[in-house]
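Load the model in a viewer and keep the sequence panel open. The stops below say what to select and what is there.

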Amino acid sequence: MQTQGSFFRGFRQGFWSGLPFALVLGPFGMLFGVIATEAGLDLAQVMGFSVLVIAGAAQVTALSLMNESAPVLIVVFTALAVNMRMAIYSAALVEHFGAFPLWKRAVAAYWLFDQPFAMTAVDINKNPLRSRDERFGFYLGVAIPLGILWYVVTYLGATLGDLLPTDIGMEFAIPATFLALVAPLLRSLPHLAAAFTSVAGTLVFASLPFNSGLLLAALLALIVGAEIEKRLERRRPADV
Amino acid sequence: MFDAGYVWTIIILLGVGTWMIRFSFMGLVGDRPLPAYFRRMLNYSAVAVLPGICAPIILTNKTGDFEPLRLIAAAAILIIGVWTQSLMKSICAGLLIYFGINALF
């Protein structure tokens, strides 16, 4: 199922597709720069977070635990729990990037945050025939510009600090874009059912520690999606 | 304010740990084929994770209260997104509703 299509073509398309996220990642990264600096981190440390961790929610989680003087291991494990969802993203991309040489997979792993993963997942549905290289280009085309933006706005937040408002409802803006991302997929019944399971599961398991409710709900949602897909496939011959 | 060793230990452990989570399957499975059922499940990764992240934030604000405007903006994003299939339109509509109405009152 491989067609022609170059890395650069994919990269260009990924770049344009990912652009709307700049709207919310810009202010969010800036916010991290401001609150991290206010908490007492120096510029190198603030940038260290955004460059080496490059995961907003985990960075904010770590920072708030550090403000409570939590021990190193508690901070690290709690923030890593926030990032465990990325293992699912990693599994979902195996089929597409698994055959690449190790160094390419190592690079791809660095950039695996929510937006490039989700954009690529939606694009796989929309354009199933992209070649591996073009798909990889699309993924990095979303990820690298947004990642660089993340560094730049963190720097601006850390250095301009006081000039920027921090209480601007950013905690709603990021989820809002996640909904926009999955919306195009919801025309298909298995996707819709999986999304409902994810929402219901997360709310039901909200009290479970270390973010495990989200992961448990995700696992159930994956099974619901797969089961419904399987049933629809079985019924299809009778429908014709 | 913080001890430099404390901060850098956290940054490095968190950075390496996060990269390892991201690398996990992609790195270790490589080009070995995944079981068919597992592959079928993974088609739903985006819709299995992202709505779950959103749900609590849409239903409660920072103080733990229900804020109807969040639900209205979220509904608008979903309806416009399903209908137009356009990311830019649904994001802009949702943010305009939420931040626009918030700014007015």
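Select A:Ile54 and count the C-beta atoms around it: there are 24 C-beta neighbours inside 10 Å, so the residue counts as buried. The model is a predicted one. A:Ile54 sits in the loop that runs between α3 and α4 (56-67) of chain A. Check its backbone too: the phi of A:Ile54 is positive, about 45°, although the residue is not a glycine.

Now select helix α3 of chain A, residues 43-53, together with α1(B). The two pack with their axes 9 Å apart, at an angle of about 10°. Angles under 35 degrees count as roughly parallel, which makes α3(A) roughly parallel to α1(B). Which residues of α3(A) meet α1(B)? They are A:Gln45, A:Gly48, A:Phe49, A:Leu52 and A:Val53. On the α1(B) side, show B:Val7, B:Ile11, B:Ile12, B:Leu14, B:Gly15 and B:Thr18. Coloured by class, this contact between α3(A) and α1(B) has 7 nonpolar residues, 4 polar ones and no charged ones. An α-helix has 3.6 residues a turn, so residues three or four places apart point the same way.

**The whole interface**

On one side are 64 residues of chain B, and they are in contact with 79 residues of chain A. In chain B, the elements that give two or more residues to this side are α1 (4-29), α2 (36-42), α3 (45-59), α4 (68-84) and α5 (87-104). Of these, α1(B) gives the most, with 20 residues. How do the residues on the side of chain B that touches chain A divide by class? They comprise 43 nonpolar, 15 polar and 6 charged residues.

While chain B is selected, colour it by domain. The domain assignment gives domain 1 as residues 1-32 and domain 2 as residues 44-104. Taken over C-alpha atoms, the centres of domain 1 and domain 2 of chain B are separated by 31 Å.

**Helix α2 of chain A**

Return to chain A and select residues 22-39, which form helix α2. This helix has 18 residues and reaches 25 Å from its first C-alpha to its last, close to the 26 Å expected at 1.5 Å a residue. Is α2(A) mostly covered or mostly exposed? It is mostly covered, with 13 of its 18 residues buried. After the helix comes A:Gly40, whose phi is positive, near 115°.

Within helix α2 of chain A, pick A:Val24. A:Val24 counts as buried because it has 22 C-beta neighbours inside 10 Å. Leaving out residues up to four places away in sequence, A:Val24 touches A:Ala173, A:Ile174 and A:Thr177. For a distance check, draw a line from A:Val24 to A:Ala58: their C-alpha atoms are separated by 17 Å, and the two are 34 residues apart along the chain.

Next, select residues 132-160 of chain A, helix α9. Its 29 residues reach 41 Å from first C-alpha to last, close to the 42 Å expected at 1.5 Å a residue. Following α9(A) is A:Gly161, with a positive phi near 25°.

Stay on A:Gly161, which is in the loop between α9 and α10 (170-182) of chain A. With 16 C-beta neighbours inside 10 Å, A:Gly161 counts as partly exposed. A:Gly161 and A:Thr37 are 124 residues apart in sequence, yet 7.4 Å apart in space, C-alpha to C-alpha.

The loop between α9 and α10 of chain A also holds A:Ile168. A:Ile168 is partly exposed, with 14 other C-beta atoms within 10 Å.

**Last stop**

Finish at A:Phe210, placed in the loop between α11 (189-204) and α12 (212-239) of chain A. A:Phe210 is not a glycine, yet its phi is positive, about 50°. A:Phe210 has 13 other C-beta atoms within 10 Å and is therefore partly exposed.

Key. Residues numbered from 1 in each chain as written. Chains lettered and ligands numbered in written order. Predicted model: local features only at pLDDT ≥ 70, side-chain atom pairs only at ≥ 80, totals over all residues. Helix = DSSP H or I, 4+ residues; strand = E, 2+ residues; numbered from the N terminus. Expected span 1.5 Å × (residues − 1). Buried ≥ 20, exposed ≤ 12 C-beta atoms within 10 Å, placed from the backbone. Domains from an automatic or database assignment. Contact = placed C-beta atoms within 7 Å. Nonpolar A, V, L, I, M, F, W, Y, C, P; charged D, E, K, R; others polar. Axes fitted to C-alpha atoms, helices over the stretch in contact; angles between N-to-C directions. Parallel < 35°, antiparallel > 145°, perpendicular 65-115°, else oblique.
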